[in-house]
Amino acid sequence: MKISDDDIKTIEVFNGINSSTIEDIKKSADIIQLKKNRALYSDRQVIDYVYFLLSGNISLIKSNENGESRVIFLLSSGSMINQPLMRKNTSGLECWGFEDSKIIRITFDKFDQLMSKDYTLARNCMLFMERRIRRLYRQLKNSVTLSIEKRLSAKLYRLALEHGIKDNSFENYTLINLNISVTYMAKMLGYQRETVSRAIKILMKNEILKMEERKFYVNMKLANQFFKK
């Protein structure tokens, strides 16, 4: 599938790059489909491409030696999926389709050439990875210093910021426009499902969260106050 100028505009790290770089991307890259609950690549797999999420949502997951998985990131359209420079091109995470998605892919060798010729592209990639590292720092800090209820409140707040829409079901609440289950939420937080279910009940009791037909509605003001106090 050929790449259009609109596709280029969707990807965050392509913002402001040279017109010649855009033309090279359109010539050398292609678009692939990733179905829901299908893997794009696995942990420790040698891969040949840099991937960019054109549409849909995907999960980056890390599994431990016991086979328990943790959702590290839930990425939305416009994101760079894996880093453009990888040790021996080996992935450190699994990538799964959270829903049906479209992905732009470019070979590592070609993308390395593009970055060497276009400083803006290289800088954009570095800034993108810096923000991702900072998010990992926050996750690590929260896992040590916050209770499960506060961690859940913080996670719901961020999801509502990134994927929230206004909905008339509940006044002063933001709907997280994703089909997230309690089990998936538990994988995002690194807790058992039962523990997260109890935390959900506490947030609902405090009117931070409402649930209807498996949808999460977040009171942004109360959620923010709760995990910061």
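**Strand 4 and its surroundings in a predicted model**

Let me begin with strand 4 and strand 6 (residues 94–97), which run antiparallel and are joined by 4 bridges; two strands count as paired if DSSP finds at least two bridges between them, and the strands themselves (E, at least two residues), like the helices (H or I, at least four), are DSSP runs numbered from the N terminus. Within this pairing, Leu-60 stands opposite Cys-95 in strand 6.

Residues are numbered from 1 along each chain as its sequence is written, and side-chain values use heavy atoms, with hydrogens and water left out.

Is strand 4, then, mostly covered or mostly uncovered? Strand 4, which spans residues 57–63, is mostly covered, since 5 of its 7 residues are buried, where buried means under 20% relative accessible area, exposed means over 50%, and partly exposed lies in between (1.4 Å probe, protein chains only).

Turning now to the whole protein, we find 8 helices and 11 strands. The radius of gyration is 19 Å, close to the 17 Å that the globule rule gives for 229 residues, so the protein is as compact as a globular protein of that length; this radius is taken over C-alpha atoms, and the rule is 2.2 Å times the number of residues to the power 0.38. The C-alpha atoms fill a box of roughly 55 × 40 × 30 Å, taken along the principal axes, and buried residues make up 45% of the 229 residues.

Finally, please look at Glu-212, which is found in strand 10 (residues 209–212) and is partly exposed, with a relative accessible area of 37%. Which residues does Glu-212 touch, not counting those up to four places away in sequence? They are Ser-169, Phe-170 and Tyr-217, where contact means heavy atoms within 4.5 Å. Although Ser-169 and Glu-212 are 43 residues apart along the chain, their C-alpha atoms are separated by 9.1 Å.

How values were computed:
This is a predicted model: local features need pLDDT of at least 70, side-chain atom pairs count only at pLDDT 80 or more; totals for chains, interfaces and linings use all residues.
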